[in-house]
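Here is a short report on a ligand site and a sheet. Please look over the model first.

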Amino acid sequence: MKFGTTAVHGGQEPDSATGAIMTPIYQTSTFVQSEPTVHKGYDYSRAGNPTRSALEANLAALEGGKHCAAFSSGMGAIDAVIKLLKSGDHVVAGNDLYGGTYRIFDKVFKQFGVACSFIDMSRKENLKKAMKKHTKMIWIETPTNPLLGIVDIEAVTAMAKAAGALSVVDNTFATPFLQKPLSLGADIVVHSATKYIGGHSDVILGAAITNDDELAERLHFIQKSSGAVPGPFDCFLALRGTKTLHLRMERHCENARLVADFLAAHPKVRHVNYPGFKFHPNHHIAEKQMKGFGGMVSFTLKDESIDAAKRLTTCTRLFTLAESLGGVESLIEHPASMTHSSLPREVRLKSGLEDSLIRLSVGVEDADDLIEDLRQALERI
Ligand SMILES: *Cc1c(COP(=O)(O)O)cnc(C)c1O
């Protein structure tokens with residue numbers, strides 16, 4: 001089955017009780033048992049719920065995985081995956097990770113004895129140097145946020161395997177439509193389904209997907225033990241989102257390419273980060289492992305002041321000033337003062353994240369209107 005067909009049908013069956021074509025929202029906490037432990041597959045909704053099962057089956061199919069566990073947020077999924085480790089284990093992760101992932105390693109798991117080294121993972125030699133005897137997990141994000149760096153998934157997961165460490169790929173930015181990390185050697189894929197998978201900026205949800213039976217069993221055990229499970233209505237919204245994922249991603253990619261081209265030619269723009277450009281340092285890897293270059297674009301202004309960048313974010317009319325990404329509507333944000341403000345300025349500048357950097361989540365509106373909006377905004381700064 002090809003992707004679009006899987007998006008619509010993967011893991012989906014009409015409701016066995018009523019024939020409803022869309023999985024109903026099973027808004028129930030518990031399930032009737034005819035005798036103790038005799039039930040129809042579900043006993044309590046933290047352990048399992050039919051609406052959640054339908055979403056999990058669909059997400060597993062989309063990633064080409066056997067198993068999926070859904071969580072109440074992307075961070076809930078990430079938290080569960082890190083709980084596969086134990087005190088004394090070491091993790092190597094990218095240095096321009098999603099801020100929440102950086103925070104959970106640095107502020108939450110560190111106090112339980114799980115240490116994490118943050119490195120520029122777009123260079124493989126850095127990884128070799130950072131690996132320790134007790135390194136048990138390699139955490140990959142690609143494309144990275146907000147600089148759109150590209151990590152070679154196949155190369156890094158092979159290094160993890162050789163060292164006996166689990167490899168995890170946060171596939172939120174690419175989605176399985178553009179990139180399938182499990183087929184490139186990853187042990188686990190995590191998602192913030194809040195972004196492209198849900199796709200309509202109306203739900204917070206996460207997922208972890210794997211082909212490994214034992215890892216899946218442990219993840220489901222953590223899911224039910226820690227309890228960060230999504231509600232049935234949220235599962236329904238995410239499932240409604242996946243059915244058009246392929247259509248939306250095509251348009252996101254098409255629009256982002258046109259917006260990136262426009263910005264690159266604009267006299268007030270200094271540099272555009274977009275993995276689809278030939279001059280992107282890892283363009284060849286993006287081309288190898290992705291089916292398209294995604295809907296995210298970031299850029300710096302020739303006016304390097306923080307004020308010019310902030311002003312620009314208030315001059316757009318269609319691009320709305322907000323955090324998050326991956327919805328149908330286009331968003332603009334200023335990482336230095338918003339999503340990445342928790343990084344000390346020196347650390348931020350050192351990882352290439354400049355004061356004038358602007359991040360766009362390019363939506364699925366008409367590209368001409370989006371470009372016109374950026375044109376008038378750039379004129380006004
Ligand atoms: C948003 C995001 C997360 C966290 O997901 P939530 O659903 O907000 O908890 C994790 N990773 C990436 C790459 C994200 O963009």
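**Ligand site**

This is a predicted model. The residues around the ligand are Ser 73, Gly 74, Met 75, Ile 78, Tyr 98, Asp 170, Thr 172, Phe 173, Ser 192, Thr 194, Lys 195 and Leu 205. By class, this shell splits into five nonpolar, five polar and two charged residues. Helix α3, spanning residues 74–82, gives the most to the shell, with three residues.

| Residue | Protein atom | Ligand atom | Distance |
|---|---|---|---|
| Met 75 | polar backbone atom | oxygen | 2.9 Å |
| Asp 170 | polar side-chain atom | nitrogen | 2.7 Å |
| Lys 195 | polar side-chain atom | oxygen | 2.7 Å |

How much of the ligand does the protein bury? Taken alone, the ligand exposes 380 Å². The protein buries 93% of that area.

**Sheet**

Five strands build an open sheet with mixed pairing. Their order is β8-β9-β12-β11-β10. Which strands sit at the edges? They are β8 (269–273) and β10 (320–321), and each pairs on one side only.

Within this sheet, strand β9 covers residues 296–301 and strand β12 covers residues 358–361. Their pairing is antiparallel, over four bridges. Met 296 has Ser 361 of β12 as its bridge partner.

Definitions and conventions: Residues are numbered from 1 along each chain as its sequence is written. This is a predicted model: local features need pLDDT of at least 70, side-chain atom pairs count only at pLDDT 80 or more; totals for chains, interfaces and linings use all residues. Side-chain values use heavy atoms; hydrogens and water are left out. A residue is near a molecule or strand if one of its heavy atoms lies within 4 Å of it. A polar contact is a pair of N or O atoms within 3.5 Å; within protein, one must be able to donate a hydrogen and the other to accept it, and residues adjacent in sequence count only if both atoms are side-chain atoms. Accessible areas come from the Shrake-Rupley method with a 1.4 Å probe; for residues, only the protein chains shown count as cover. Helices (H or I, at least four residues) and strands (E, at least two) are DSSP runs, numbered from the N terminus. Ala, Val, Leu, Ile, Met, Phe, Trp, Tyr, Cys and Pro count as nonpolar, Asp, Glu, Lys and Arg as charged, and the others, Gly among them, as polar. Two strands pair if DSSP finds at least two bridges between them.
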